[in-house]
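Student: Please take one part of this structure and look at it closely. Then show me how the rest compares in plain terms.

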Amino acid sequence: TDPSGGTSYSIIGTSEFLSVPYALFSANGTPGPQGTTGPTGAIGSDGVTGATGASGNNGIDGAVGATGATGATGTTGADGSLNAWGLTGNTGITSANFIGTTNNASFRFRTNDTPKMIIDSTGNVGIGTITPVSTLNIITTPVATTNFGTFSLGAGPWDGVSSGKFSGSSGGTILAINGENSAAVNLLDIQRFGWSVYKISARGAFIYAAHQGVVGGETFLTMSPTYQTSVTSEKNMYKFNSNNYTITDGFATQRFVLWGQPLITAASSLNISSEVSTMNIAGAPISAGSATITNSIALRIAAGTSIASGVTNGYGLYVDAPTGATSNYAAIFNGGNVGIGTTTPGASNLLELASTTKGFVLPRMTKAERDAITLKVAGMIIYQTDDTPGLRVYNGTNWVRFTETID
């Protein structure tokens, strides 16, 4: 400043710079030209980050690039754990390994992406059904052009056409069905439309069986009753029951049990010199050990319930003689004693008739019919109805009359 308070300034020096107040210079002096910009100072520290701005719109997808070349196949990985089952077989399997479910769910099998078999959560197996109602439930549509059936068992293949039987080694059991000893249990029950067509129960049986290709010593069906230690009432080892029938239309001949007539066919000349039987009863029951039997009967035809009045003729046994053979016989009683009207024919009586209300009638015919008889034998007796009716006996040469006296 001016020491005297004025505005005059006199500054003289040779060793120090003079610093003139800029404000005074600006206020009072004329601005000079801008000086050269000095060097940039050091960068200061970062300021606080501002808030994120709003997202912009997505841009348009770019074009798909060209597929690159397939890379080289990598090395084969390590084998999986035992929980993975191979499609070509497995080794090292133990009793702890299994295929199935560990929760309460069914195990299903498919072919051609169609359900074919199921094991449900209760253990029932269904083939052709996904809702099995029994331990093994098989449902399928029969094929009329084949003989294989829905369910086939055998020791080998069966073509149903040429061989007509199952092939395989002899012996053994193809099917065994075991059940409890109860009349209420059916070991096998084959039904059609809700009716039991064929049934094998625990204590009885109703069976239809057909078989082809029987060879020597073969038995197609064998049923053996269970041994019972105590028999206090009537027991039927095998029983054929005939149900009650209500008839609404005229019926033809009805047979509740029918054994068909066998047809024996041979590919070449075959002479069967032994017996061929449609039905064979081996014999009357026999006793063993300390058992005793009062009446042992091989075949008994009981009278049954009294036949209603609407029946014209009732027969206990009706036998037709076969035709076409060299000799045809309606019945043969080969040895033994025959009793009619008695259960105890005399030991020396080949035929014994017993009745207090009925008589024995010999064949009745005319003389012409008598003379037409071929193969007459001595002792033949008839009753002649004309030309002096009466008894006639053939003596080996001629027919002769009995001497008759009015009684």
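Tutor: Tyr318 has a relative accessibility of 55%, so it counts as exposed, the cut-off being over 50%. Keep in mind that this is a predicted model. Tyr315 is exposed as well, at 54% relative accessibility. By the ring-pair rule, the protein has 3 aromatic pairs. One of them joins Tyr315 and Tyr318. Their ring centres are 5.1 Å apart. Their planes stand at 85°, over the 60 degree limit, so the pair is edge-to-face.

The protein contains 2 helices and 13 strands. Of its 407 residues, 6% are buried. Its exposed surface comes to about 36,000 Å². Carbon and sulfur atoms supply 53% of that area. Take the contacts with a sequence separation of 6 or more: residues 24 or more positions apart account for 7% of them.

Strand S12 covers residues 390-394. Most of S12 is covered: 4 of its 5 residues are buried. On one side, S12 pairs with S11 through 4 bridges, and the two run antiparallel. Strands of a sheet pair through backbone hydrogen bonds, either parallel or antiparallel.

Next, the turns. The hairpin of S11 and S12 has 5 residues between the strands. Asp387 in this hairpin takes a positive phi near 50°. The hairpin of S12 and S13 has 4 residues between the strands. There Gly396 is the residue with a positive phi, near 105°.

How exposed are the two ends? Lys367 has a relative accessible area of 33%, between the 20% and 50% limits, so it is partly exposed. Asp387, at 45%, is partly exposed too.

Pro363 lies in the loop between strand S9 (351-353) and strand S10 (364-365). Beyond its sequence neighbours, Pro363 touches Ile381, Ile382 and Tyr383. At 45% relative accessible area, Pro363 is partly exposed.

Back to charge. The protein has 3 salt bridges by the same rule. One joins Arg370 and Asp371, at 2.9 Å from N to O. Its ends differ in cover. Arg370 has 8% relative accessibility, under the 20% limit, so it counts as buried. Asp371 is partly exposed, at 43%. Another salt bridge joins Arg110 and Asp113, with the closest N and O atoms 3.1 Å apart. Arg110 and Asp113 are both exposed.

Finally, a sheet to set beside this. 4 strands make an open sheet in the order S1-S2-S3-S4, with mixed pairing. Its edge strands are S1 (107-111) and S4 (136-138), each of which pairs on one side only. On average, neighbouring strands of this sheet are turned by 20° against each other, direction ignored. Within the sheet, S2 and S3 are antiparallel and share 3 bridges. Ile118 stands opposite Gly126 of S3.

Asn124 sits in the loop between S2 (114-119) and S3 (125-127). Is Asn124 buried or exposed? Its relative accessibility is 18%, under the 20% limit, so Asn124 counts as buried. Leaving out residues up to four places away in sequence, its contacts are Ile118, Ile119, Pro132, Val133, Ser134 and Thr135.

Methods
Residues numbered from 1 in each chain as written. Predicted model: local features only at pLDDT ≥ 70, side-chain atom pairs only at ≥ 80, totals over all residues. Heavy atoms only, no water. Buried < 20%, exposed > 50% of the residue type's maximum accessible area, 1.4 Å probe, protein only. Contact = heavy atoms within 4.5 Å. Salt bridge = Lys/Arg side-chain N within 4 Å of Asp/Glu carboxyl O. Areas by Shrake-Rupley, 256 points an atom, 1.4 Å probe, with all protein chains shown as cover. Phe/Tyr/Trp six-rings, centres within 6.5 Å; stacked < 30°, edge-to-face > 60°. Pairing = 2+ DSSP bridges. Axes fitted to C-alpha atoms, helices over the stretch in contact; angles between N-to-C directions.
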